[in-house]
Amino acid sequence: MSARLLKRVLKEQEQQKQLIEEEEEEEEELNVGESKSPDSGARSSKNPFDLLNEGDDGDEDKADQVDAPEVADETLTRKRETPSLKSTANAVSTSNNKSKKKKKKKSKEGSSSTDKHETPLDVSLDTLSLDFNFSTHQSGPNKPISENAKAREDLVKQSTPSILQVDPKYLNVENELCRIFGSKVVKSFEKSNQSSSSRQVRGGRRGNHHIRKTVLISPSDHWPRWDGSLSMEFLETKDGYHYFRYAHSSSYDQAQRAFEAAQAIHDLNGVTSVLLFQPYHLDSLITMADYFKFLGEHQMSADVIAKCLYALECAWHPMFTALQGNCQLKFSHDSNKPLFKALFTHMKNMDRRGCNRSALEVCKLLLAFDSDDPMGAMFCLDYFALRAGEYAWLERFAEDYRSDTSLWMFPNFSYSLAVCRFYLEQEESSHNTCLDTTRASSADLMNQALMLHPSVLKKLVAKVPLKDQAWTNILKNSFFHSDQIGIPSLDHLINIYVERNYLIWRLPDLQKLLRDAALVIETLEHNKSHAKDWACVRKEAFSSDKNEYGHLLVQDFSDTVQTLPPDNLQNFMVDMREAAQIGDQVANPPAGGHAPAPRDVANRNPLAVLFESLLPWVNYGAAGDGVVDENQVNEQGQDNEDH
């Protein structure tokens, strides 16, 4: 038989099967209609397979008993009948139809039973309510209700977004640079950097590993693979906040001991050797970043800090939701301190590049990770918010961050909220909208700021500088004459504010706002009791006789960067923050006005004294005050040569 004939026969057989199945379905529908009618017992024609259906028309309880004879009858009929196509099709179709009928009957009965026993919605909701402690029913009905209410309040507290919630798209510096300079300029700059880096890597062997994408920074392709030497462990959950802490591996602890040994002998080469074996050692990376910063290599310093943040983010716990503002990393744990140092330096690098919105998001992270604010993020948050144009957010932050209104007592917030309200008033007037009368005006807020912190004005006039004759006349007033209040904590915060925010006051509109407020206060000179009331407010807000913010250095909030000779840094490696603290004591003497005692140079090597004199924090006193004359130095040098 040819292939064409075989295909034709198979097609005819398939068509016959379809016709037979359609006829059987029509007969079954007719049989179902007759079974429902009252005279269903008398049937005109009997099909031998209909005998099997009689059991189904009877009681449903006999369904399981009928299954066995059905199988037996099917096997007998298949053996007795001729193996024709029609009979096999009938047998298969009837068995399938019977199973379908059984399923339909069961589903109908199940639905009818559920309709009969349907319970109201309130009862079902009560049955679904879970009681976590069954013994509470014995003590009284009020206890589970209060526990459920408390759980509900905690859930609402966790669901409300935090004021310190970070937007990840603003953490990317490249996005903000594209908004400032345009995408074409940024892309051309990136291409030039890629070509230079490819020329450097061309001679060496390129790595084939995959660089993990992170949120805080954009990692480079030439960085080494993440070695997993850092991890993060979960501590507890308290008041809706999750507490975490970084943990070190054994190899990291070994590198830490090598770093401490190199730091003890001031060996910078020892620090670089630690990075050769442990490329993501945090303290070594931060030390090298400070070294490059003092050399003036700001881009290299920023790259090292980015590598440090890359390692810190790769170690995050799966439960650590850093951008939501509900996770805490206490600075009191030594393993958490590198994160705060790296984030603070990264924030300053963003500010140096003009990315104020990105710096604001990093500042939110610093404040969210530890509510105690060990790095002083609170005292530069207002600056970045004003520079980024986030005026409405700054007002909302001052209202929502703390339950009371204590933020405006700080000098930076008292002045920045007045500036913020000034720009919001300009926006409302430009959009022809009604001014918000429920809030104080910018002029009133500026008057309050000057009455609360009058010494800020004299420091701003000297720092900005403001050289107009009107400012000279204003400073002659006794209320603005002094630049020291006499409260150590407040004087230190005022120095930080002026060093951080003086650039804002170079705008003519803000200078006019400040001058008008100062002139208004001059007219109130006769009201001495009013000034005494504000002095009492200052004394009550900052009641401590010690500087509570002495750990915050003024130069950490400055735009200027001190540079040192490379040879001096090579031979004199100390903790840069401790060295800066020594220098801050000279730059910012205590309230008594006494600077640190000058160092004695008698009986010392002149070459060592020369190198030491290059350091900005070294004080040898004024001319003629403890200074050795030239003859003594020459005699000391001759004695050293003789020996």
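Which residues of helix α20 are buried? Here are a few notes to read beside the model.

1. A word on the ground rules: this is a predicted model, where local features need pLDDT of at least 70, side-chain atom pairs count only at pLDDT 80 or more, and totals for chains, interfaces and linings use all residues. Numbering starts from 1 along each chain as its sequence is written, and side-chain values use heavy atoms, with hydrogens and water left out.

2. To the opening question: in α20 (residues 455-463), S455, V456, L457, K459, L460 and V461 are buried (under 20% relative accessible area; exposed is over 50%, partly exposed in between; 1.4 Å probe, protein chains only). Helices (H or I, at least four residues) and strands (E, at least two) are DSSP runs, numbered from the N terminus. The buried residues of α20 pack against α18 (411-430), α19 (442-452), α21 (469-475), α22 (488-501) and α23 (508-523).

3. Next, have a look at D351 in helix α14 (residues 337-352). With a relative accessible area of 13%, D351 is buried. Leaving aside residues up to four places away in sequence, D351 touches N356, A359, Y383, F384, R500 and D559 (contact means heavy atoms within 4.5 Å).

4. For a β feature, turn to strands β1 (residues 230-238) and β2 (residues 241-248), which run antiparallel and are joined by 8 bridges (strands pair if DSSP finds at least two bridges between them). K238 has Y241 as its bridge partner in β2. The two strands form a hairpin with 2 residues between them, and D239 in the turn has a positive phi of about 55°.

5. Finally, I180 lies in helix α8 (residues 173-181). Its relative accessibility is 45%, so I180 counts as partly exposed.
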